[in-house]
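Subject: Structure handover

Hi,

Here is the structure I promised to pass on to you.

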Amino acid sequence: MEYNPVTREIISELTKIAGTKNVLTDNEKIESYSHDEIPVEQYSHMPEVVVTPKSAEEISEIVKLANKNTIPITPRGAGSGLSGGAIPVYGGIVISLEKMNHILEIDYDNMLMVLEPGVVTNDINELIAEKNLFYAGYPMSLETCFLGGNVAENAGGGKAIKYGVTDRYILGLEMVTPTGQIVQFGGKLVKDVVGYNIKQLIIGSEGTLGIVTKVIIKLSPLPKYKVDLLVLFKDVKSAISMVPQIMTKAGIIPTSIEFMDKLSVQTSCQYLNEHLPYQKAGAMLLIEVDGNREDIVNDDSETIGELCLKEGAIEVYVADNYTTQERIWSVRRNIAEAFKVVSPHQSLEDIVVPIASIPDLMPELERISKKYDIQIPCYGHAGDGNLHATLVKNPKSTMEEWYKIETESLKELYRATKALGGTISGEHGIGFKRINYISEALGKAEIDVMQKIKKALDPNIIMNPGKIFKVED
C-alpha cells in the first residue's frame, strides 16, 4: 500500500477536530507511541502525528479525514501489547484512547458497566469489589492495560480455564468504522441473535476493523474464598497428565492451572531470592480454587491435592492466606522479568496446543534450544494449553546472529506447534510481530476470507494496516 504523508494542512484539520493540546507532533513527545512491549530497536516505527481525542464523534471526524486523504491510522491503548499491534508501521496518525478513560455507568441491578476504552482494567475491579462483584475477563497484565486493548486482542489470562477470556464478558460495544461511521453492536442484553454477530468479529480483530469507543461489560459475583496449591512433579509429562484428571477424576474446574518448567521456576526463584524447593522438581503446577463457601473451596483443594499425590506428585504446598498466595504467585508472575536479567533480548511467545500434547512439545523445545544454542523456558496456562515458550538470546551471540536465530527458531517452533494440532497465538495476537508467520497457522483460503472482510469494511486499508496479514491494493 502507498499512503500520503501527514501535511501541515492535515495537522491543522486535526487541531480543529481535537484541539491543540490533543495533537502532538514533537518527536520527543511522540517517541513513546512508536512501540509497545516488544523490542524497540527491532520493531519501532515513528508516527507522524499523535491525536488524543475525547469522544467517538472526534474519532469519527479524524477517520473521515484520513480516509479522504489515504492516511493510515493506528489505534492505541496503553501500549502494553506483546505483538506490535499498536505500532504505526506506516507512520500516519496514531489515535490514542488514553483520554477516553471514563466509567459512564455502573448498573448494579443488571450487573453490568458501561465504560470508555481507556479505562485501566484493574480500576474496574477495585471500584466494584465493595459490592462483591468483579470483571472476570481480565488478563494477567491488568494493572497496566486498557479495556479497549483487551477487547482488541480478546485478551485472556491465568483464570481463563474457569472464567474464559474477554469475549465472554462483552455484552455490547460502540465503535467507529474505518469509514468513519459510529455504530453499536450488542447492548445490555444477555441474549441477542438479531443479524450477524459482528460484536464477536470486532473482539480480537486487533484494531484492524475499527476503533472501539464504548464497551458494555458483564459483571460476576466476587468469590469470597480461594486456596492455591503449588504442586511439584518429577517431570513435565507427570505434571501435564494431571490437568485433565483434575477435571475428570476429581470433577472440579479450578480457577487456574499454571504450568512452569524447571528452568522457569529456577530462574524466577533465583531472581526473587526465593527458596522454594525447585531442585526436587522437573515441573510444577500452580492450581487455584475459588468459590463462595469456605468448606467447599477447602474440600476441592484437598481433593485436588490428594489426587496429585496419588498420581505421583512429589509434594503439595497449600497457600490459604494472602501472604503465602502472593509468595507462590510471585514466582509465576516474575518469570519474564527474571529472564530479562539473563538477556534483555528475547521473544515471548504464546503458542497453544491441545492440553494432552504439551508433553510432546517439550522435546521439540529442547531440540530447538540445542540446535540454536538458546534457552527456551516454558510456562503458562496449562488449563487451556496456552504456553509462553520464550526464546532467550545467548549473551555470546551478536545481535545480527540473534535476529537470524530468532527467525529460524520461530519457524520451527510454529511448525512443531501446528503439527501437534496447535496454533501460534492464544492471547497476545498476531499484530506486526507475527505477520510473516500467519501462513504457518492458516491456509490461503482462510486468510483470503479474512482479507475480504477487511477490504469490505476498510476499502482504503487505512485502519491499522500492517497487522495480522498483508492486504494488497
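Below is what I found, grouped by topic.

A word on the basis: this is a predicted model, where local features need pLDDT of at least 70, side-chain atom pairs count only at pLDDT 80 or more, and totals for chains, interfaces and linings use all residues. Residues are numbered from 1 along each chain as its sequence is written, and side-chain values use heavy atoms, with hydrogens and water left out.

**Empty space**

Rolling a probe the size of a water molecule over the atoms shows where empty space is left. The search runs on a 1 Å grid over the protein atoms alone: a cavity is a set of points where a 1.4 Å probe fits but cannot get out, a pocket is an open set with protein on both sides within 12 Å along at least five of seven lines, and lining residues have an atom within 4 Å of a point. Grid points are joined across faces, edges and corners, and a volume is the space filled by probe spheres set on the points.

The second largest pocket has about 740 Å³ of volume. Its lining is made up of 34 residues, and Gly204, Glu206, Ile430, Met450 and Ile468 are the ones nearest the centre. Helices H8 (198-202) and H16 (444-457) each give at least two residues to that lining, with H16 providing the largest share, four residues. (Helices are DSSP runs of H or I with at least four residues, strands are runs of E with at least two, and both are numbered from the N terminus.) By class, the pocket lining has 15 nonpolar, 13 polar and six charged residues. Here Ala, Val, Leu, Ile, Met, Phe, Trp, Tyr, Cys and Pro count as nonpolar, Asp, Glu, Lys and Arg as charged, and the others, Gly among them, as polar.

There is also one cavity of 30 Å³ or more, and the largest cavity holds about 30 Å³ of space. Residues lining the largest cavity include Gly157, Ile257, His381 and Asp384. H7 and E13 each supply at least two of its lining residues. That lining splits into three nonpolar, four polar and two charged residues.

**Helix H13**

Which residues of H13 (335-342) are buried? They are Ile335, Ala338 and Phe339; buried means under 20% relative accessible area, exposed over 50%, and partly exposed in between, with a 1.4 Å probe and protein chains only. These residues span an arc of only 95° around the axis, so they sit on the same side of H13. The arc is that of the directions from the helix axis to the C-beta atoms. Among the elements covering them are strand E13 (256-261), helix H10 (262-272) and helix H12 (322-333).

**Strands**

Two strands pair if DSSP finds at least two bridges between them. Strand E6 (112-115) sends Leu112 and Val114 one way and Met113 and Leu115 the other, and all are buried. E6 runs antiparallel to strand E5 (103-107), joined by four bridges, and Glu105 is opposite Val114. The E5 and E6 hairpin has four residues between the strands, and Met111 there has a positive phi near 55°. E6 also pairs with E10 (211-218), antiparallel over four bridges, where Val114 faces Ile216.

Elsewhere, four strands form an open sheet with mixed pairing in the order E1-E2-E4-E3. E1 (23-24) and E3 (73-76) are at the edges with a single partner strand each, so one side of each has no neighbour in the sheet. E1 pairs antiparallel with E2 (49-51) over two bridges.

**A few single residues**

Most residues other than glycine have a negative phi. Asn154 has a positive phi near 50°, and is placed in the loop between H6 (147-153) and H7 (160-163). Asn154 counts as buried because its relative accessibility is 18%. Asn464, in the segment after H16, also has a positive phi, of about 50°. At 1% relative accessibility, Asn464 counts as buried.

Finally, Gln245 belongs to helix H9 (236-248) and, at 14% relative accessibility, counts as buried. Beyond neighbours within four places in sequence, Gln245 is in contact (heavy atoms within 4.5 Å) with Ala250, Leu307 and Glu311.

Best wishes
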